[in-house]
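Subject: Structure handover

Hello,

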Amino acid sequence: MLSLQTKDLTPLQIQAYLNYAVAPRPICLASTIDKEGNVNLSPFSFFNLFSVNPPVCVFSPSRRVRDNTTKHTLENLKDVPECVINIVNYDMVQQVSLSSVEYPAGVNEFTKSGLTELPSTLVKPPRVAESKIQLECVVKDVISLGDTPGAGNLVIAEIKVIHINEDVLNTDGSIDQLKTDHVARLGGDWYCRVTADNLFKVAKPVTTVGIGFDAIPHAIRNSKVLTGNNLGQLGNVEQLPTDVEIEAYTQSDELKEIFDATIGDNQTRELQLHLKAKQLLDNGLVADAWKVLLAE
């Protein structure tokens with residue numbers, strides 16, 4: 001494994017490693033305004049949600065590694081501590097990239113990128129009409145992390161108004177993750193797109209207490225078939241199936257076939273049962289997988 005001391009690396013090297021490693025990162029397309037009323041629009045991938053009560057986002061207009069200068073967004077926020085965080089979707093990503101060009105102060109990136117200004121309801125900076133989700137924010141604080149090239153400036157922005165395009169909503173008014181078509185930033189010129197074919201769910205142990213990895217029987221824990229993800233699924237159940245449940249499941253034709261085909265061959269039987277359990281786990285059928293693994 002390559003191990004690097006950050007003190008031995010240049011800021012440009014650190015940036016290259018971390019931008020590829022800490023990814024994907026959501027993109028904040030921030031619109032701001034200066035005291036003369038000039039609008040600025042710029043994307044930031046050092047961005048995330050940090051609190052819901054109060055609702056707070058944080059993003060970082062870092063000092064340029066190249067020449068240690070600061071960005072117009074940061075200067076604007078010192079003059080007018082308000083912004084709109086416009087969430088980026090695939091249909092606008094090329095225009096968002098264009099808005100990142102370092103135009104001179106006073107140049108409106110809305111005009112340069114072709115994105116559409118939409119008046120905000122509470123703050124002075126405009127929203128981006130093409131964004132499906134827009135967050136009007138009041139800046140509570142800006143924390144400087146240093147004055148050297150690449151140093152960040154944490155903008156702590158409290159969300160005051162949430163605008164959501166009806167196109168991404170379910171009938172109950174909640175956001176449908178399958179409809180947002182989000183894009184995220186990776187390293188270099190790389191981005192990724194959140195589409196239905198690469199989305200998956202992981203059951204969260206919010207109200208339950210899983211038995212844990214250490215409670216999984218040794219033979220299962222050291223399986224040559226089951227992956228770490230599979231074992232994590234198994235450890236997330238609250239309790240193991242009962243003997244009655246296991247016995248009932250072993251009466252299925254598929255399990256009978258495995259047992260009949262492996263009479264006197266315990267090693268092959270274990271392999272086949274683990275393969276069957278993995279198939280069930282990969283389809284989210286954790287309880288059934290446990291019944292297979294505990295069958296005798």
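**Cysteines**

C57 has 3% relative accessibility, so C57 counts as buried. Buried here means under 20% relative accessible area, exposed means over 50%, and partly exposed lies in between (1.4 Å probe, protein chains only). C83 is buried too, at 0% relative accessibility.

A disulfide is taken as a pair of cysteine sulfur atoms within 2.5 Å. By that rule there are 0 disulfides. C57 is in none, and the nearest cysteine sulfur, that of C137, is 5.8 Å away. For C83 the closest cysteine sulfur is also in C137, at 4.6 Å, which is too far for a bond.

**Ground rules**

This is a predicted model: local features need pLDDT of at least 70, side-chain atom pairs count only at pLDDT 80 or more, and totals for chains, interfaces and linings use all residues. Residues are numbered from 1 along each chain as its sequence is written, and side-chain values use heavy atoms, with hydrogens and water left out.

**Domains**

The chain splits into domain 1 (6–193) and domain 2 (213–294). Those bounds come from an automatic or database domain assignment. The two domain centres, taken over C-alpha atoms, are 47 Å apart.

An unreviewed UniProt entry lists residues 20–178 as "domain: Flavin reductase like". UniProt positions are in the numbering used here, feature names are shortened, and annotations may be inferred rather than shown by experiment. The span 20–178 is 15% helix and 37% strand, and its end C-alpha atoms lie 25 Å apart. Helices (H or I, at least four residues) and strands (E, at least two) are DSSP runs, numbered from the N terminus.

**The sheet**

Seen strand by strand, the order is β3-β2-β6-β9-β10-β5-β4: an open sheet of 7 strands with antiparallel pairing. The edge strands, β3 (39–44) and β4 (47–52), each pair on one side only. Neighbouring strands are turned by 30° against each other on average, direction ignored. Two strands pair if DSSP finds at least two bridges between them. Axes are lines fitted to C-alpha atoms, for helices over the stretch in contact, and angles run from 0 to 180 degrees between N-to-C directions.

Take β2 (residues 28–33) first. It pairs with β6 (residues 82–87) in the antiparallel sense over 4 bridges. A30 has I85 of β6 as its bridge partner. On the β3 side, 6 bridges join β2 to β3, again antiparallel. There, T32 stands opposite N40. β2 and β3 form a hairpin with 5 residues between them, and G37 in the turn has a positive phi of about 95°.

How many residues of β2 are buried? The count is 6 of its 6. C28, A30 and T32 are buried on one side, and L29, S31 and I33 on the other.

**Across the sheet**

Helix α2 (residues 72–79) lies across β2, β3, β5 (55–59), β6, β9 (133–144) and β10 (153–164). Helix α2 runs at about 125° to β3.

N153 sits in strand β10. At 6% relative accessibility, N153 counts as buried. Contact means heavy atoms within 4.5 Å. Not counting residues up to four places away in sequence, N153 touches F59, S60, P61, R63, L74, V142, I143 and S144.

Best regards
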